[in-house]
Amino acid sequence: MCKIAKSEGPRINGEITARVCRLIGVDGSQLGQFGVRDALRIASEQGLDLVEIAPNAEPPVCKIMDYGKYKYEQAIKAKQARKKQAKVEVKEMKFRPKIDTGDYETKKGHVMRFLKKGARVKVTIMFRGREMAHPEQGLNVLERLAADLKPYATVESQPKMEGRNMHMLVAPIKGAFDEKAAEASEKDTKEN
């Protein structure tokens with residue numbers, strides 16, 4: 001005897017095992033208690049399915065509905081929920097331990113731009129050759145960057161050495177850029 005695999009969704013039509021159920025009509029109205037056979041007959045007369053929506057209730061609650069349409073609407077709702085989910089991006093910016101001021105300011109600007117868009121930023125200091133003998137130089141660059149970004153970002157993971165690279169993760173502070181943008185626009189209007 002071959003057993004059919006049980007689907008994950010609610011039981012419908014012939015899958016309902018209870019003898020009696022509380023029946024809900026297509027429009028959501030309570031129809032009362034019916035035998036499952038009678039409820040199936042009512043549903044089939046309307047060309048719809050009998051769906052067990054509350055199997056643990058006493059007696060179980062069944063509703064007359066178009067199950068295919070119901071599943072389709074559930075899939076659309078799930079898709080919409082996934083669309084609205086915020087995806088946290090992690091961007092990476094690479095620095096060198098002997099970075100010059102101009103390059104530092106440019107890369108800091110890129111980090112600010114990433115933070116403004118809501119992304120977390122992984123800041124990496126790359127060491128080559130003899131630079132490995134002075135990891136404190138890389139640490140100084142990361143500490144300077146953390147201090148410069150303090151009003152806009154928090155350090156999620158402190159600088160740590162992994163092989164030839166030193167990493168630090170910074171995340172934006174919610175609302176920090178909104179306040180700064182408002183202050184900058186006020187300054188512009190006062191100057192003009």
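**Close-up views of a predicted model**

View 1. An open sheet of four strands runs in the order β5-β6-β8-β7 with mixed pairing, where strands are DSSP runs of E of at least two residues, helices are runs of H or I of at least four, and both are numbered from the N terminus; two strands pair if DSSP finds at least two bridges between them. Its edge strands, each pairing on one side only, are β5 (90-95) and β7 (153-162), and from one strand to the next the twist averages 20°. Between β5 and β6 (residues 120-126) the pairing is parallel and extends over six bridges, and Val 90 has Arg 120 of β6 as its bridge partner. This is a predicted model, in which local features need pLDDT of at least 70 and side-chain atom pairs count only at pLDDT 80 or more, while totals for chains, interfaces and linings use all residues. Residues are numbered from 1 along each chain as its sequence is written, and side-chain values use heavy atoms, with hydrogens and water left out.

**View 2. Two helices across the sheet.** Helix α3 (residues 101-116) lies across β5, β6, β7 and β8 (165-172) and runs at about 175° to β5, the angle being taken from 0 to 180 degrees between N-to-C directions of axes fitted to C-alpha atoms, for helices over the stretch in contact. Helix α4 (residues 135-148) also lies across β5, β6, β7 and β8, and runs at about 5° to β8.

View 3. In helix α1 (residues 36-45) the buried residues are Val 36, Ala 39, Ile 42 and Ala 43, buried meaning under 20% relative accessible area, exposed over 50% and partly exposed in between, with a 1.4 Å probe and protein chains only. Seen down the axis of α1, these residues fall within an arc of 120°, so they line one face of the helix; the arc is that of the directions from the helix axis to the C-beta atoms. They pack against β1 (20-24), β2 (30-35), β3 (49-54) and β4 (61-65), contact meaning heavy atoms within 4.5 Å. The face of α1 turned away from this buried side carries the exposed residues Arg 37 and Glu 45.

**View 4. Charges over the rings of Phe 95 and Tyr 104.** Phe 95 counts as buried at 1% relative accessibility, and Tyr 104 is buried with a relative accessible area of 0%. Lys 107 lies over the face of Phe 95, 5.8 Å from the ring centre, whereas the charged end of Arg 144 sits over the ring of Tyr 104, 3.7 Å from its centre; such a placement requires NZ of Lys or CZ of Arg within 6 Å of the ring centre and within 35 degrees of the ring normal.
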